[in-house]
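Me: I'd like to learn how to read surface patches and pockets in a model. Could you walk me through one?

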Amino acid sequence: MIRRILTRIGTSVLVLWGAVTVSFTALHLTPGNVVDVLIGSSIVTPEVRAQIIADYGLDAPLSVQYATYLGRVLRGDLGQSYQLHESVATAIGTQLGPSIQLAGAALLVAVTAATTLALLTARRKRWIRGLSSGLELIGVSIPTFWAAILLLTVFSFQLGWFPAVGDDSGASLVLPVIAVAIPITTMLTQMMRESLELTLEEPFVLTARSRGMSDLGVRLRHALRHALVPAVTLLGWVIGLLVGSMVAVEQIFSRQGLGQLTLTAVTGKDLPVVMGVVLVTAVLYVVVNILIDLLYLVIDPRLRSAA
(Lines give C-alpha, C1' and ligand atoms only; values in the text may rest on other atoms or scores of the structure.)
Protein backbone atom coordinates (compact mmCIF):
# COMPACT_ATOMS: atom_id res chain seq x y z
CA MET A 1 0.00 0.00 0.00
CA ILE A 2 2.84 2.39 0.90
CA ARG A 3 4.58 1.63 -2.39
CA ARG A 4 1.35 2.23 -4.29
CA ILE A 5 0.76 5.55 -2.56
CA LEU A 6 4.35 6.68 -3.16
CA THR A 7 4.11 5.68 -6.83
CA ARG A 8 0.88 7.66 -7.26
CA ILE A 9 2.38 10.70 -5.57
CA GLY A 10 5.50 10.40 -7.73
CA THR A 11 3.55 10.25 -11.00
CA SER A 12 1.40 13.19 -9.89
CA VAL A 13 4.49 15.27 -9.17
CA LEU A 14 5.88 14.37 -12.60
CA VAL A 15 2.65 15.47 -14.30
CA LEU A 16 2.69 18.81 -12.50
CA TRP A 17 6.40 19.31 -13.17
CA GLY A 18 5.76 18.56 -16.85
CA ALA A 19 2.98 21.17 -16.96
CA VAL A 20 5.26 23.79 -15.39
CA THR A 21 8.06 22.92 -17.80
CA VAL A 22 5.76 23.10 -20.83
CA SER A 23 4.47 26.50 -19.70
CA PHE A 24 8.00 27.83 -19.24
CA THR A 25 9.09 26.45 -22.63
CA ALA A 26 6.08 27.95 -24.38
CA LEU A 27 6.86 31.33 -22.84
CA HIS A 28 10.39 31.34 -24.22
CA LEU A 29 9.56 29.80 -27.60
CA THR A 30 6.88 32.38 -28.37
CA PRO A 31 8.22 34.78 -31.04
CA GLY A 32 9.30 38.15 -29.74
CA ASN A 33 10.79 39.56 -26.57
CA VAL A 34 9.71 37.67 -23.43
CA VAL A 35 8.71 40.92 -21.70
CA ASP A 36 6.53 41.92 -24.67
CA VAL A 37 4.98 38.43 -24.67
CA LEU A 38 4.07 38.73 -20.98
CA ILE A 39 2.66 42.22 -21.42
CA GLY A 40 0.62 41.32 -24.49
CA SER A 41 -1.32 44.23 -25.93
CA SER A 42 -1.01 46.34 -22.77
CA ILE A 43 1.07 49.51 -22.57
CA VAL A 44 3.27 49.70 -19.48
CA THR A 45 5.86 52.10 -18.14
CA PRO A 46 9.63 51.41 -18.20
CA GLU A 47 9.45 50.85 -14.45
CA VAL A 48 6.94 48.03 -14.91
CA ARG A 49 9.10 46.45 -17.61
CA ALA A 50 12.06 46.54 -15.25
CA GLN A 51 9.94 44.94 -12.54
CA ILE A 52 8.90 42.14 -14.91
CA ILE A 53 12.55 41.46 -15.75
CA ALA A 54 13.40 41.31 -12.05
CA ASP A 55 10.43 39.10 -11.12
CA TYR A 56 11.07 36.54 -13.82
CA GLY A 57 14.88 36.81 -13.67
CA LEU A 58 14.99 37.53 -17.40
CA ASP A 59 18.45 39.06 -17.13
CA ALA A 60 19.86 35.76 -15.80
CA PRO A 61 20.84 32.54 -17.64
CA LEU A 62 17.98 30.33 -18.84
CA SER A 63 18.58 27.72 -16.13
CA VAL A 64 18.28 30.41 -13.45
CA GLN A 65 15.12 31.72 -15.08
CA TYR A 66 13.66 28.21 -14.99
CA ALA A 67 14.53 27.78 -11.33
CA THR A 68 13.02 31.19 -10.56
CA TYR A 69 9.81 30.37 -12.41
CA LEU A 70 9.56 26.96 -10.73
CA GLY A 71 10.03 28.56 -7.32
CA ARG A 72 7.29 31.11 -8.03
CA VAL A 73 4.85 28.37 -9.04
CA LEU A 74 5.66 26.32 -5.93
CA ARG A 75 4.83 29.37 -3.82
CA GLY A 76 1.48 29.72 -5.62
CA ASP A 77 2.61 32.82 -7.53
CA LEU A 78 1.30 32.40 -11.08
CA GLY A 79 2.38 35.85 -12.19
CA GLN A 80 0.58 39.06 -13.03
CA SER A 81 -1.96 39.78 -15.73
CA TYR A 82 -1.05 43.19 -17.12
CA GLN A 83 -4.27 43.36 -19.12
CA LEU A 84 -6.58 42.55 -16.21
CA HIS A 85 -4.42 44.53 -13.78
CA GLU A 86 -4.50 41.79 -11.15
CA SER A 87 -2.62 38.65 -10.26
CA VAL A 88 -3.26 35.51 -12.30
CA ALA A 89 -4.16 33.60 -9.12
CA THR A 90 -6.84 36.17 -8.29
CA ALA A 91 -8.22 36.14 -11.83
CA ILE A 92 -8.46 32.34 -11.86
CA GLY A 93 -9.77 32.16 -8.30
CA THR A 94 -12.72 34.42 -9.05
CA GLN A 95 -13.69 32.34 -12.11
CA LEU A 96 -13.01 28.87 -10.73
CA GLY A 97 -16.22 28.60 -8.68
CA PRO A 98 -18.74 28.98 -11.55
CA SER A 99 -16.77 26.50 -13.68
CA ILE A 100 -16.64 23.89 -10.91
CA GLN A 101 -20.38 24.39 -10.37
CA LEU A 102 -21.10 23.83 -14.06
CA ALA A 103 -18.72 20.87 -14.40
CA GLY A 104 -19.91 19.20 -11.21
CA ALA A 105 -23.59 19.53 -12.12
CA ALA A 106 -22.97 18.28 -15.68
CA LEU A 107 -20.98 15.31 -14.39
CA LEU A 108 -23.70 14.43 -11.87
CA VAL A 109 -26.42 14.62 -14.53
CA ALA A 110 -24.33 12.57 -16.99
CA VAL A 111 -23.50 9.79 -14.52
CA THR A 112 -27.11 9.56 -13.27
CA ALA A 113 -28.59 9.52 -16.78
CA ALA A 114 -26.01 7.05 -18.12
CA THR A 115 -26.51 4.66 -15.20
CA THR A 116 -30.28 4.75 -15.62
CA LEU A 117 -30.17 4.25 -19.39
CA ALA A 118 -27.64 1.42 -19.14
CA LEU A 119 -29.74 -0.40 -16.54
CA LEU A 120 -32.89 -0.01 -18.63
CA THR A 121 -31.41 -1.07 -21.99
CA ALA A 122 -28.80 -3.75 -21.19
CA ARG A 123 -29.91 -7.16 -22.54
CA ARG A 124 -33.34 -5.87 -23.53
CA LYS A 125 -35.23 -6.31 -26.79
CA ARG A 126 -33.37 -5.51 -29.97
CA TRP A 127 -35.50 -2.50 -30.86
CA ILE A 128 -34.92 -0.95 -27.41
CA ARG A 129 -31.16 -1.33 -27.71
CA GLY A 130 -31.26 -0.11 -31.31
CA LEU A 131 -33.21 3.00 -30.36
CA SER A 132 -30.85 3.72 -27.48
CA SER A 133 -27.76 3.17 -29.66
CA GLY A 134 -29.13 5.50 -32.33
CA LEU A 135 -29.79 8.28 -29.83
CA GLU A 136 -26.32 7.78 -28.34
CA LEU A 137 -24.73 8.03 -31.79
CA ILE A 138 -26.55 11.30 -32.39
CA GLY A 139 -25.58 12.63 -28.96
CA VAL A 140 -21.89 11.83 -29.31
CA SER A 141 -21.79 13.25 -32.86
CA ILE A 142 -23.33 16.63 -32.03
CA PRO A 143 -20.69 19.28 -31.23
CA THR A 144 -21.19 20.82 -27.81
CA PHE A 145 -21.45 24.36 -29.16
CA TRP A 146 -24.14 23.29 -31.66
CA ALA A 147 -26.13 21.54 -28.91
CA ALA A 148 -25.85 24.67 -26.76
CA ILE A 149 -27.13 26.90 -29.58
CA LEU A 150 -30.00 24.49 -30.30
CA LEU A 151 -31.03 24.36 -26.62
CA LEU A 152 -30.78 28.14 -26.40
CA THR A 153 -32.94 28.64 -29.49
CA VAL A 154 -35.70 26.21 -28.50
CA PHE A 155 -35.97 26.52 -24.72
CA SER A 156 -35.00 30.17 -24.27
CA PHE A 157 -35.91 32.12 -27.40
CA GLN A 158 -38.99 30.13 -28.53
CA LEU A 159 -40.46 28.58 -25.36
CA GLY A 160 -38.99 31.01 -22.84
CA TRP A 161 -38.63 28.31 -20.17
CA PHE A 162 -35.07 29.20 -19.16
CA PRO A 163 -33.00 32.42 -19.21
CA ALA A 164 -30.80 32.84 -22.25
CA VAL A 165 -27.75 34.32 -20.51
CA GLY A 166 -26.28 34.85 -17.08
CA ASP A 167 -25.50 32.73 -14.04
CA ASP A 168 -27.50 34.38 -11.28
CA SER A 169 -30.09 31.62 -10.71
CA GLY A 170 -30.52 27.87 -10.75
CA ALA A 171 -32.66 28.06 -13.87
CA SER A 172 -29.80 29.66 -15.81
CA LEU A 173 -27.67 26.59 -15.05
CA VAL A 174 -30.05 24.04 -16.62
CA LEU A 175 -29.32 24.52 -20.33
CA PRO A 176 -25.50 24.83 -19.97
CA VAL A 177 -25.47 21.66 -17.85
CA ILE A 178 -27.49 19.73 -20.43
CA ALA A 179 -25.26 20.94 -23.27
CA VAL A 180 -22.10 19.82 -21.47
CA ALA A 181 -23.64 16.55 -20.24
CA ILE A 182 -24.93 15.26 -23.60
CA PRO A 183 -21.67 13.82 -25.05
CA ILE A 184 -20.52 12.55 -21.64
CA THR A 185 -23.85 10.77 -21.08
CA THR A 186 -23.74 9.01 -24.44
CA MET A 187 -20.17 7.75 -23.99
CA LEU A 188 -20.78 6.54 -20.44
CA THR A 189 -24.03 4.83 -21.45
CA GLN A 190 -22.36 2.89 -24.25
CA MET A 191 -19.55 1.71 -22.01
CA MET A 192 -21.74 0.87 -19.01
CA ARG A 193 -24.29 -1.04 -21.10
CA GLU A 194 -21.57 -3.16 -22.68
CA SER A 195 -20.06 -3.88 -19.25
CA LEU A 196 -23.49 -4.71 -17.84
CA GLU A 197 -24.24 -7.14 -20.65
CA LEU A 198 -20.93 -8.94 -20.12
CA THR A 199 -21.47 -9.04 -16.36
CA LEU A 200 -25.00 -10.38 -16.67
CA GLU A 201 -23.57 -13.45 -18.42
CA GLU A 202 -21.28 -14.31 -15.51
CA PRO A 203 -21.96 -17.43 -13.40
CA PHE A 204 -22.49 -15.47 -10.18
CA VAL A 205 -25.45 -13.71 -11.81
CA LEU A 206 -27.05 -17.07 -12.56
CA THR A 207 -26.48 -18.05 -8.93
CA ALA A 208 -28.17 -14.86 -7.71
CA ARG A 209 -31.15 -15.46 -9.99
CA SER A 210 -31.45 -19.06 -8.82
CA ARG A 211 -31.84 -17.77 -5.27
CA GLY A 212 -34.96 -15.89 -6.32
CA MET A 213 -33.49 -12.41 -6.69
CA SER A 214 -35.40 -10.17 -9.09
CA ASP A 215 -33.90 -8.89 -12.32
CA LEU A 216 -33.71 -5.34 -10.97
CA GLY A 217 -32.06 -6.57 -7.78
CA VAL A 218 -29.43 -8.48 -9.75
CA ARG A 219 -28.66 -5.45 -11.87
CA LEU A 220 -28.44 -3.01 -8.95
CA ARG A 221 -26.76 -5.15 -6.30
CA HIS A 222 -24.36 -7.23 -8.40
CA ALA A 223 -23.97 -6.24 -12.06
CA LEU A 224 -23.87 -2.47 -11.64
CA ARG A 225 -20.85 -2.53 -9.35
CA HIS A 226 -18.82 -4.36 -11.99
CA ALA A 227 -20.04 -2.08 -14.79
CA LEU A 228 -18.98 1.05 -12.91
CA VAL A 229 -15.25 0.23 -12.95
CA PRO A 230 -14.61 0.95 -16.68
CA ALA A 231 -16.96 3.94 -16.51
CA VAL A 232 -14.98 5.42 -13.62
CA THR A 233 -11.80 4.92 -15.67
CA LEU A 234 -13.37 6.96 -18.48
CA LEU A 235 -14.12 9.81 -16.07
CA GLY A 236 -10.41 10.70 -15.92
CA TRP A 237 -10.46 11.43 -19.65
CA VAL A 238 -13.82 13.18 -19.37
CA ILE A 239 -12.24 15.95 -17.29
CA GLY A 240 -10.36 17.15 -20.36
CA LEU A 241 -13.60 17.06 -22.36
CA LEU A 242 -15.30 19.15 -19.69
CA VAL A 243 -12.64 21.87 -19.89
CA GLY A 244 -12.96 22.07 -23.67
CA SER A 245 -16.76 22.10 -23.54
CA MET A 246 -16.91 24.89 -20.98
CA VAL A 247 -15.02 27.27 -23.26
CA ALA A 248 -17.83 27.14 -25.83
CA VAL A 249 -20.75 26.82 -23.41
CA GLU A 250 -19.71 29.69 -21.14
CA GLN A 251 -19.25 31.90 -24.16
CA ILE A 252 -22.65 31.02 -25.69
CA PHE A 253 -24.57 31.46 -22.44
CA SER A 254 -22.49 34.47 -21.29
CA ARG A 255 -21.46 32.72 -18.09
CA GLN A 256 -18.46 33.54 -15.97
CA GLY A 257 -15.84 30.82 -15.58
CA LEU A 258 -12.47 29.45 -16.61
CA GLY A 259 -13.66 28.85 -20.17
CA GLN A 260 -14.63 32.48 -20.62
CA LEU A 261 -11.40 33.61 -18.96
CA THR A 262 -9.29 31.34 -21.17
CA LEU A 263 -10.97 32.51 -24.37
CA THR A 264 -10.49 36.15 -23.39
CA ALA A 265 -6.84 35.52 -22.52
CA VAL A 266 -6.12 33.70 -25.79
CA THR A 267 -7.79 36.32 -27.98
CA GLY A 268 -6.09 39.11 -26.02
CA LYS A 269 -2.70 37.33 -25.99
CA ASP A 270 -2.66 37.42 -22.19
CA LEU A 271 -0.05 34.67 -21.88
CA PRO A 272 0.33 34.76 -18.06
CA VAL A 273 -3.36 33.91 -17.68
CA VAL A 274 -3.16 31.15 -20.30
CA MET A 275 -0.16 29.63 -18.51
CA GLY A 276 -1.96 29.89 -15.19
CA VAL A 277 -5.04 28.12 -16.53
CA VAL A 278 -2.83 25.32 -17.90
CA LEU A 279 -1.22 24.82 -14.49
CA VAL A 280 -4.53 24.92 -12.60
CA THR A 281 -6.05 22.45 -15.07
CA ALA A 282 -3.09 20.11 -14.53
CA VAL A 283 -3.62 20.29 -10.76
CA LEU A 284 -7.33 19.54 -11.14
CA TYR A 285 -6.52 16.62 -13.44
CA VAL A 286 -4.12 15.13 -10.88
CA VAL A 287 -6.58 15.59 -8.01
CA VAL A 288 -9.44 14.01 -9.96
CA ASN A 289 -7.36 10.99 -10.93
CA ILE A 290 -6.27 10.47 -7.31
CA LEU A 291 -9.95 10.54 -6.30
CA ILE A 292 -10.71 8.03 -9.07
CA ASP A 293 -8.05 5.68 -7.69
CA LEU A 294 -9.71 5.89 -4.28
CA LEU A 295 -13.12 5.34 -5.86
CA TYR A 296 -11.90 2.07 -7.35
CA LEU A 297 -11.35 0.75 -3.82
CA VAL A 298 -14.88 1.75 -2.84
CA ILE A 299 -16.53 0.13 -5.87
CA ASP A 300 -14.57 -3.15 -6.09
CA PRO A 301 -13.87 -5.01 -2.81
CA ARG A 302 -11.32 -7.21 -4.63
CA LEU A 303 -9.09 -4.19 -5.12
CA ARG A 304 -9.28 -3.42 -1.39
CA SER A 305 -8.21 -6.99 -0.63
CA ALA A 306 -5.33 -6.76 -3.11
CA ALA A 307 -4.26 -3.42 -1.62
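Reply: Happy to! A patch here is built from residues with over 30% relative accessible area and no salt bridge, and nonpolar side chains are joined within 5 Å. Keep in mind that this is a predicted model.

Me: Which residues form a nonpolar patch on the surface?

Reply: V283, V287, I290, L291 and L294 do, and together they have about 410 Å² of accessible area. V283 sits in helix α12, which covers residues 271-299. Here is a general idea that helps: an α-helix has 3.6 residues a turn, so residues three or four places apart point the same way.

Me: Now the largest pocket: how much space lies in it, and what lines it?

Reply: The space amounts to about 600 Å³. The lining has 25 residues, and A103, I239, L242, L284 and V288 are those nearest the pocket's centre. By class, the lining has 20 nonpolar residues, 5 polar and no charged.

Me: Which helix gives the most to that lining?

Reply: That is α12, with 9 residues. Helices α5 (88-121), α10 (215-252), α11 (258-267) and α12 each supply at least two.

Me: What else can I look at around α11?

Reply: Its buried residues are L258, G259, Q260, L261, T262 and A265. Just after α11, check the backbone too: K269 takes a positive phi of about 55°.

Definitions and conventions. Residues are numbered from 1 along each chain as its sequence is written. This is a predicted model: local features need pLDDT of at least 70, side-chain atom pairs count only at pLDDT 80 or more; totals for chains, interfaces and linings use all residues. Side-chain values use heavy atoms; hydrogens and water are left out. Patches are made of residues with over 30% relative accessible area and no salt bridge: like charges are joined within 9 Å, nonpolar side chains (Val, Leu, Ile, Met, Phe, Trp, Tyr) within 5 Å. Accessible areas come from the Shrake-Rupley method with a 1.4 Å probe; for residues, only the protein chains shown count as cover. A salt bridge is a side-chain nitrogen of Lys or Arg within 4 Å of a carboxyl oxygen of Asp or Glu. Helices (H or I, at least four residues) and strands (E, at least two) are DSSP runs, numbered from the N terminus. On a 1 Å grid over the protein atoms alone, a cavity is a set of points where a 1.4 Å probe fits but cannot get out, and a pocket is an open set with protein on both sides within 12 Å along at least five of seven lines; lining residues have an atom within 4 Å of a point. Grid points are joined across faces, edges and corners, and a volume is the space filled by probe spheres set on the points. Ala, Val, Leu, Ile, Met, Phe, Trp, Tyr, Cys and Pro count as nonpolar, Asp, Glu, Lys and Arg as charged, and the others, Gly among them, as polar. Buried means under 20% relative accessible area, exposed over 50%, partly exposed in between (1.4 Å probe, protein chains only).
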